[in-house]
Amino acid sequence: MNHQNTTRPFLWGAASAAYQVEGGWRADGRGLSKWDVFTNGERITEKVVGAHHTGNVAINTYDPVQYRNDIALMRDLGLNAYRFSLSWPRILPDGTGAVNTAGLDYYRRFVDDLLAAGIAPIATLYHWDFPAGLFDRGGWHNRDSIDWFRDYAAVVFEALGDRVDTFVTLNEPFIDLFLMDLIAENARSGEREPFAFTSEQYGRQAPGMHNLLLANAAAVGEFRRQGLSGMVGIALPLYPMIPIDGEDAGDIAAAAQLDGVINRWPLDAVLKGTVPDDVVATLGAHNPAFAIPEADRALIAANSVDFIGVNYYAPMFVETDESGPLGMAAGANPDEVKAFNGPVRPEALHGLLLRLRDDYGNPPVIITENGAGFGDIDEVHDGDAIHDPLRTDYLRRHIDAVLKAKAEGADVRGYLVWSLFDNFEWIQGYTRRFGMVHVDFETQTRTPKDSYAFYRDLIAAQP
Ligand code: FCB
């Protein structure tokens, strides 16, 4: 592992993703991604939230006038890091082969403008916008996806490796495959409710997840081959698992099993270079063809990451449930006021960071996403002000938890809020706001909320 950059100041930032913010979906030779198809063709948001929304315009950051104004807000906020993702089909319209220079130029300019503002760019290569033509050829289920992704990563490292020193290969492989793709599948077939997954589906997604971890390893290998001096990592969705009934052996076992599938599998792969065989057996019970060849284990073993990106929102409360995938359910939320992404438990983030410290050799960690939305009760317009006390409280308590873990020795290097701006929230379209800055999606007007002022003051007060 490459542990340089230890002298770099703590990163205070925010995070975003190309499809959620850029728009410009047909501009300058951009190809289509599966999300263009999910939203425009399959009208997925209509099936989930009853409104037809797309990322065609999003919050318009493909427009340089817009994004330069946005960078001015980042400066005002005091950010010293900004995480964004690159649209694979903007750079390679067909996913492989010819490079779209205009697409690469957009990212070169954006990165240069961030650097000129004193903001370190953190670039994610893949945040779910798989090239549409390659998705039709099986996406991550096709073994060729490992080479497709490595070749795309090579193009990006060559173009931006001289000015971006922190790369994230993949964002949340589990959510991409086991949530978004399965919701799309259910919405498309109409055979079951969008969120009603089956064990058969989980078994079927397992080899895709393995391919994603191989693609990560291949991209990390390419990063090393190019001899780049920065750091490369992966952003994982990490959910501490809590058995609903702490006395019930079934719930305890279910929580442990889900921890294996969602947390331990990718963590072991990218940090220890191993594949947990109990997880392979759990999923293999629903897909007898799922097995890990020795050559794959060698690729994973040879390419661990430099840092781990932690996307943390909430823990999962787990119970046994015959009707759920793998015989369990994890959707319970006992909170009276419910955040979109689950129960508000900052102490679970603290525990997670200590687990990384103790079970995984204390790797460098960046909190690559943390944030919350609570709906209209937390978006109170009052003259020019927008009050979001619940988000503000969420951020304050989670930052406290991070700093506590850091003080206890966890090697945390940065904290990035999801998100600076309200944006296109995937299957829920524009019906879920996560921003510290309100966006009027009709006019593109930006209005800082109270959480923005809170974060600005917190950053300004850092020693
Ligand atoms: C995460 C995603 C991110 C955003 C937040 C709310 O799972 O990585 O794009 O949608 O949830």
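In which helix do R108 and D105 both lie, and how many residues apart are they? Both lie in helix α6 (residues 101-116), three residues apart, which is about one turn of the helix; helices (H or I, at least four residues) and strands (E, at least two) are DSSP runs, numbered from the N terminus. This is a predicted model, in which local features need pLDDT of at least 70 and side-chain atom pairs count only at pLDDT 80 or more, while totals for chains, interfaces and linings use all residues. Residues are numbered from 1 along each chain as its sequence is written, and side-chain values use heavy atoms, with hydrogens and water left out.

**Salt bridges**

- The structure holds 35 salt bridges, a salt bridge being a side-chain nitrogen of Lys or Arg within 4 Å of a carboxyl oxygen of Asp or Glu.
- R108 and D105 are joined by a salt bridge through their side chains, at 2.6 Å from N to O.
- R108 counts as partly exposed because its relative accessibility is 24%, and D105, at 29%, is also partly exposed; buried means under 20% relative accessible area, exposed over 50%, and partly exposed in between (1.4 Å probe, protein chains only).
- The side chains of D36 and R30 meet in another salt bridge, 3.0 Å from N to O, and both of these residues are buried.
- In helix α10 (residues 199-225), R204 and E200 stand four residues apart, about one turn of the helix, and the closest N and O atoms of their salt bridge are 2.8 Å apart.
- R204 is partly exposed at 31% relative accessibility, as is E200 at 45%.

**Largest pocket**

- The largest pocket has a volume of about 1,100 Å³, where a volume is the space filled by probe spheres set on grid points that are joined across faces, edges and corners.
- On a 1 Å grid over the protein atoms alone, a pocket is an open set of points where a 1.4 Å probe fits, with protein on both sides within 12 Å along at least five of seven lines, and lining residues have an atom within 4 Å of a point.
- Its lining consists of 45 residues, of which I175, L179, F195, Y239 and M316 lie nearest the centre.
- The largest share of this lining, five residues, comes from β9.

**Second largest pocket**

- About 200 Å³ of space lies in the second largest pocket, and of its 14 lining residues F135, G138, H141, D181 and Q205 are the closest to the centre.
- Helix α9 gives the most to this lining, with four residues.
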